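Morning, everyone. Please look at the model on the screen while I go through two spots in it.

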Amino acid sequence: MKFKETLLQGTLIKRYKRFFVDINYKNKTITAHCPNSGSMLGLLDVGNNVLFTKVDNPERKLKYTLQMIEVKKKLIGVNTHLTNKIVLESLEKKKIKKLANFTNIKSEAKFSDHTRFDFLLSKNKKKAFLEVKNVSMFRKKNVAEFPDAVTARGKKHLYELINAKKSGYESYILYVIQREDCDSFKIAEDIDKEYKIAFDKALKNGVKILCYDCKLNNEEIKLNKQINYEYWL
């Protein structure tokens, strides 16, 4: 997924109220939208290089949007609004091997009166729901982790994927690691024990788990290679 706007570079001053970040840009302080509701654990050290875009929309109060943070010379994508766009592009280009046979892709697909999944994939009578989660946390060398904060919504999606499986659909959850310095993935049970319980139940009930990392530069973010996940019952 290529950025339409040129990425600008500055240094992080602080994040606050979840969706605001102050950035030092050309010796001035600007405030940008932070499109990430998680804790962003491990990413928010003062002075980290950041990449952001300027928004050409006169109706928006914040004229800038945070896109990536550099930690130890590695870029990490933090804009969770881009995750589904990255996945959609990958689905269309058949980059995800286990989903490559599906020919029809529908975004924001309704499953029940209270649940929509990110994608409904189909081919003839075969149908699958796909839910996507953005991953940026890295605490142990080479291991990406999710979630970085308690997520009731994420837990609900796992149980609903189980329900979809029981209703005759294939069910998938795809963890998109917006960084390229990890070779394995695990659930951060110490941060959200209830999510780990739901994850284990999803696996037992036939929900398929996929993990991919990304390649990032100042022009684009794209899905890269499949990553193994660590799992113990």
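**A strand and an aspartate**

Leu130 stands opposite Tyr172 in E12. Strands, E, are DSSP runs of at least two residues, and helices, H or I, of at least four, numbered from the N terminus.

This is a predicted model: local features need pLDDT of at least 70, side-chain atom pairs count only at pLDDT 80 or more, and totals for chains, interfaces and linings use all residues. Residues are numbered from 1 along each chain as its sequence is written, and side-chain values use heavy atoms, without hydrogens and water.

Back to the strands. E9 and E12 (residues 170–177) run parallel, joined by 8 bridges. Pairing takes at least two DSSP bridges between two strands. E8 (residues 115–123) pairs with E9 too, antiparallel, over 5 bridges. There, Leu130 is the bridge partner of Phe119. E8 and E9 make a hairpin, with 2 residues between them. In that turn, Asn124 has a positive phi of about 55°.

Why is E9 largely enclosed by the rest of the structure? Because 8 of its 10 residues, 126–135, are buried. Buried means under 20% relative accessible area; exposed is over 50%, partly exposed in between (1.4 Å probe, protein chains only).

Now Asp22, in strand E2 (residues 20–25). Asp22 is buried, yet has no salt bridge. That would need a side-chain nitrogen of Lys or Arg within 4 Å of a carboxyl oxygen of Asp or Glu. The nearest side chain of opposite charge is Lys14, 4.5 Å away. Lys and Arg count as positive, Asp and Glu as negative; His and the chain ends are not counted.
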